[in-house]
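Please prepare a short report on the structure shown below.

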Amino acid sequence: MNQAPGAAVPAHIVIVGGGGTGAALAHDLVLRGLRVTLVERGEVTSGTTGRHHGLLHSGARYAVSDATAGAECIQENMILRRTAPGTFEENDGLFVALTDEDREYGRRLVAACEESGIPSRELSAEEALRLEPGLNPELLWALQIPDGTFDAMRLPLRWFATAKHNGAVIRPFTEVVDVTSASRCVTGVVVRDHTDGRESRIAADMVVNAAGPWSEAIAAMARVDVPVQPSPGVLLALRGRLCNMVVNRCHPAADGDILVPQRGLTIVGTSSWLVDHPDDLGVPEDHVRAMYDEGAKLVPAVRGAEQRAAWSAARPLIGGRGGSTGRELSRTFECFDHARSDGVEGFVTISGGKATTARAMAEKTADVVCAKLGIDRPCQTRDVVLLPHTAYYLS
Amino acid sequence: MTEHTANDPRPPAPEQLGGDPQDTPAPLHPAPGHTVTFRVSRSSRGERPHFDTFQVPVEPRTTVLDGLISIRRHQDPTLTLRHSCFHASCGTCAMRVNGREGLACVTKLEELGGGTVTVEPIANAGALISDLVVDMVAFFERYAPMGQPLVRESELGPGSRPAEGVERLERFEDCIECGICMSACPISATDSRYLGPAALAAAWRVMSEPRTADPERAMALADVDHGIWRCHAAFECTEACPSSVDPAGAIMRLRRTAARRRLGGLLSGTRSNR
């Protein structure tokens, strides 16, 4: 049964999925006084979260096509810098125009950034080359925006660390094998602990499905449907810092049009296609070649750079099954209260979105969870400064 | 473009690349039926490890990590291992492959010279939880107190300078906290009190660029019998590091700094700061 507000024992929420969203949600919910258990079938951040390129979005990448997404990104960008100090390479980013068409898009981008509240500075080709000498010297123009870089695992680890410190139970290597329910109300999950092979039941006042591209499979266990479309992309890691700023092509988001420096590597991303299942993605050679070809247009040294790794990651996009590449699907997120959509109580799915907005996704989901439980406590994750990532291993 | 069926995991060619698809050579595919034998160390909590053997289909690009994930997905869902980034940046998939430490995500099968691939967990970095999963507590108990910031000053490209209003460009530390250096270190294997290469390398980073950390505290933690003076200069750590940290070099530099400080103390008649 759902817990009444003010009861002696706080409600217990089980979060399924140990990616960035689950991490931020665990952090949010324990700050609101709830008991939280998070289960993840593998190591934390072993699904989509750990594999992303590590871009802290300024929002400029979405500003032209979706001003709301752009505004959401810059707002989260600023919140994350404040609450996770020391987690970002704060070197800004550039949108680089190589053709007249790019330059035209750039004019729209300047206006769109202003509309979304994204600070930007126009640079001549010479000014841009002074900042990033490795850029294609043929560039026409560039726009500087507050993109940043983060470590795809270590930011979520700070949410996990802080959540654990505040009482959340984080259980990696614990796979959900069933969702239990009674009279169309979800009552908990059955999990298998892969470290000892034991199955057990975890009772919950509410279960939140934050399994990203795997959330359809979890929802099916609760006999509801969520329209998540796994959309993988290929990424390349090249040896050497070929740039210090994030370098974007100044055009609508497409294949191989972003370079993200990280440690001693440069990440080139990404392509986009659609799959039925988010496992067994493979790394198609033609996509790898596309990353090299398109990336080298921005920074010519990409062409000769040694490949450290090539991999695929599946985005959990919302809805619209039957598209072709996933580019037409929105990067926004959605929180499904299955009591409203399917008449199943005690079960909420959060999906879509992107790493930069994980905290906002968690806030909205925690609002839904609290409203359903009749709890009125404000979100604190905009201000609480996070513990260092190393605290995750020591608490 | 190849036809796609529900069972075909191959994606369509990337969109918006232009050009004639005829120009693009077909993706590389393995000879049908080509497999490699994996011997994987298995154990449940507290159990003595044994090996299980699996046949894994491989392609030219297949890494040890791909092979293990394929085993978990298609043969044995109970296999436990750590992984996250797939590009040598998170450090979670450190393992011993054919007796040598490495990151499974960037260890390609074709580079192992054929034959059976034996996969074991790293040693010395913490207690074995199950299969290939090590609890990294021993590692982080030594490493975290050094307080090494994650972000450091970045090298600049030739002729590059920071943007207006930005004092310096930044980048993440090289150390990816994988535990490979501890696993490869002969002293860490025999002396459980030894701080180990990663923690000492972190101490040197804090000495060279303190940022938010306290260099004197890091030096005090490192300059102890089970710290910099315990190293036998085998250089296995530097050899094994997948991220060019050079822990052995850091230990030697810390020793020189500590020795110089003591000498300075002797000459001026003050106490050593050890």
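How many residues does helix α6 of chain A have, and what distance does it reach from its first C-alpha to its last?

## Basis of the report

This is a predicted model, in which local features need pLDDT of at least 70 and side-chain atom pairs count only at pLDDT 80 or more, while totals for chains, interfaces and linings use all residues. Residues are numbered from 1 along each chain as its sequence is written, and chains are lettered from A and ligands numbered from 1 in the order in which they are written.

## Helix α6

Helix α6(A), residues 154–165, has 12 residues and reaches 16 Å from its first C-alpha to its last. This is close to the 16 Å expected at 1.5 Å a residue (1.5 Å times one less than the number of residues). Helices (H or I, at least four residues) and strands (E, at least two) are DSSP runs, numbered from the N terminus.

Of the 12 residues of α6(A), 11 are buried, so the helix is largely enclosed by the rest of the structure; buried denotes 20 or more other C-beta atoms within 10 Å of the residue's own, with C-beta atoms placed from the backbone. Among the buried residues are A:Arg154, A:Trp159 and A:Lys164. Their cover includes α1 (20–31), β2 (35–39), β8 (148–150), β9 (169–171) and α11 of chain A. A:Gly167, which follows α6(A), has a positive phi near 110°.

## The eight-stranded sheet

Chain A contains an open sheet of 8 strands with mixed pairing, in the order β6-β7-β5-β15-β16-β17-β14-β18; strands pair if DSSP finds at least two bridges between them. β6 (121–124) and β18 (307–318) of chain A stand at the edges with a single partner strand each, so one side of each has no neighbour in the sheet. β6(A) runs antiparallel to β7(A) (residues 141–145), joined by 4 bridges, and A:Glu122 stands opposite A:Leu143 in β7(A).

Helix α4 (residues 100–116) of chain A lies across β5, β6, β7 and β15 of chain A, at about 25° to β7(A). Angles run from 0 to 180 degrees between N-to-C directions, with axes fitted to C-alpha atoms, for helices over the stretch in contact.

## Domains and chain contacts

Chain A is divided into domain 1 (12–48 + 154–227 + 330–394) and domain 2 (92–147 + 229–318), with bounds from an automatic or database domain assignment. Their centres, taken over C-alpha atoms, are separated by 31 Å. Contact (C-beta atoms, placed from the backbone, within 7 Å) involves 10 residues of domain 1 of chain A and 8 residues of domain 2 of chain A.

Between chains, 58 residues of chain A are in contact with 57 residues of chain B. α8(A) gives the most to the side of chain A that touches chain B, with 4 residues.

Methods: Contact = placed C-beta atoms within 7 Å.
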